[in-house]
Amino acid sequence: MAASGPQAIDGFGRRFRYLRLSVTEVCNFRCDYCLPNGYRKTPGASFLTLMEVRRLTQAFARLGLTKIRLTGGEPTVRRDFTEIVAAIAAQEEIRKVAVTTNGWNLEKCVQDWRDAGLTHLNVSVDSLDRDVFQRITGHDRLPAVLRGLDLAMEAGFQSVKVNAVLLRGSIEQELERWADHVADRALSVRFIELMRTGDNADYFARNHIGGQVVRDWLAQHGWTPRIREADAGPATEYVSPDHRGLIGLIAPYDAGFCDGCNRLRVTARGKLRLCLFGEGGVDLRPYLSEEVEMDALVEQVASALGAKPRAHALHQGNFGDTPNLAAFGG
């Protein structure tokens, strides 16, 4: 159990048990809704080291967080990714170690990640149509990603999930494909509503579609929502008596979406982001040296939460200083 002391609670009484930790801004995909021109290096501090990641996650564990999700960019491009997983998994207070990946290294490395202590796996697969997948991501890798996904299903993870960005056009065909795919697979597929960022204004205007289209389709086909776990992410998941798997929806433009926020974010350069669509961040890097008392790091995080806003301002067209989702881990 986490020691008594400061807890991760904001000014609205929301308790945080879930950290999304970006370990790199680098991505080897060129998804047209995020990095259509590929990753471009930006000036600034280097990414967090293994030692800094270990110290950072120890501090969040002391604040009562029990779930760490590694994000990017593409987190698995780091050569020490498996070591990062192992360092976090070795902490008794952390019960869930997760990753969100594009699946590039999945087929080759998934068993190594599981052996290192990874418990939860999310894989981004925006289409089951090979041509559409290549058009969106810039790579013809769907067969390899799906082979890796099948290996993951056999590797003993506590959960395996798929993320797909909700895009205008072929959504009904995609829902039908995924419903067929999870008919006999214990897999959760979540459609994520496209979000406006600094770099995607024209793309967003052409392709954004509200999450209600997914709810309507699910209701028409006999799917019903299930109760969320306390440390679950923002998805509402739906079950069907005719399917082993689940279909979910993450709809950040819904009214009240932020009311139950239970997650914090730290960027790959060590800034605590109080909202994905906020501005700036609280720099934790000066506290990550082993020469600084751990209590100082813990207190810095706990005190910063008083400035966390009640909700994002996406409805007002305010996306903060988020240039794209790869920059801060989505």
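**Reading strand, loop and helix features in a predicted model**

Author: In this predicted model, Gly 73 lies in the loop that runs between strand E2 and helix H2 (81-89).

Reader: Which kind of peptide bond joins Gly 72 and Gly 73, and how should I read it?

Author: As a general idea, most peptide bonds are trans. Here, Gly 72 and Gly 73 are joined by a cis peptide bond, for which omega is about 15°.

Reader: Turning to strand E2 itself, are its residues buried or exposed?

Author: The cut-off to keep in mind is that a residue counts as buried when its relative accessible area is under 20%. In E2 (residues 67-71), 5 of the 5 residues are buried, so the strand is largely enclosed by the rest of the structure. Both faces are covered, with Lys 67, Arg 69 and Thr 71 buried on one side, and Ile 68 and Leu 70 buried on the other.

Reader: How many bridges join strand E1 to E2, and which residue stands opposite Thr 71?

Author: Strand E1 (residues 18-22) is joined to E2 by 5 bridges, and the two strands run parallel. Opposite Thr 71 of E2 stands Ser 22.

Reader: What describes two packed helices, and how does this apply to H3 and H5?

Author: In general, a packed pair of helices is described by the angle between the axes together with the distance between those axes. For helix H3 (residues 106-116) and helix H5 (residues 142-153), the angle is about 20° and the axes are 8 Å apart. Angles under 35 degrees count as roughly parallel, and H3 and H5 are therefore roughly parallel to each other. The crossing in which H3 passes H5 is right-handed. On the H3 side the contact is made by Leu 106, Glu 107 and Val 110, while H5 contributes Ala 144, Val 145, Arg 147, Gly 148, Leu 149, Leu 151 and Ala 152. Sorted by class, the contact of H3 with H5 comprises 7 nonpolar, 1 polar and 2 charged residues.

Reader: Where do H6 and H8 meet, and at roughly what angle do their axes cross?

Author: The axes of helix H6 (residues 171-181) and helix H8 (residues 212-220) cross at roughly 50° and come within 11 Å. H6 and H8 are therefore oblique to each other, and H6 passes H8 in a right-handed crossing. Ile 171, Glu 172, Leu 175, Glu 176 and Ala 179 of H6 meet Val 213, Val 214 and Trp 217 of H8.

Reader: How do the residues of that contact of H6 with H8 divide by class?

Author: The contact of H6 with H8 has 6 nonpolar residues, no polar ones and 2 charged ones.

Technical notes. Residues numbered from 1 in each chain as written. Predicted model: local features only at pLDDT ≥ 70, side-chain atom pairs only at ≥ 80, totals over all residues. Heavy atoms only, no water. Axes fitted to C-alpha atoms, helices over the stretch in contact; angles between N-to-C directions. Helix = DSSP H or I, 4+ residues; strand = E, 2+ residues; numbered from the N terminus. Parallel < 35°, antiparallel > 145°, perpendicular 65-115°, else oblique. Left-handed = near helix turned anticlockwise from the far one by under 90°. Contact = heavy atoms within 4.5 Å. Nonpolar A, V, L, I, M, F, W, Y, C, P; charged D, E, K, R; others polar. Buried < 20%, exposed > 50% of the residue type's maximum accessible area, 1.4 Å probe, protein only. Pairing = 2+ DSSP bridges.
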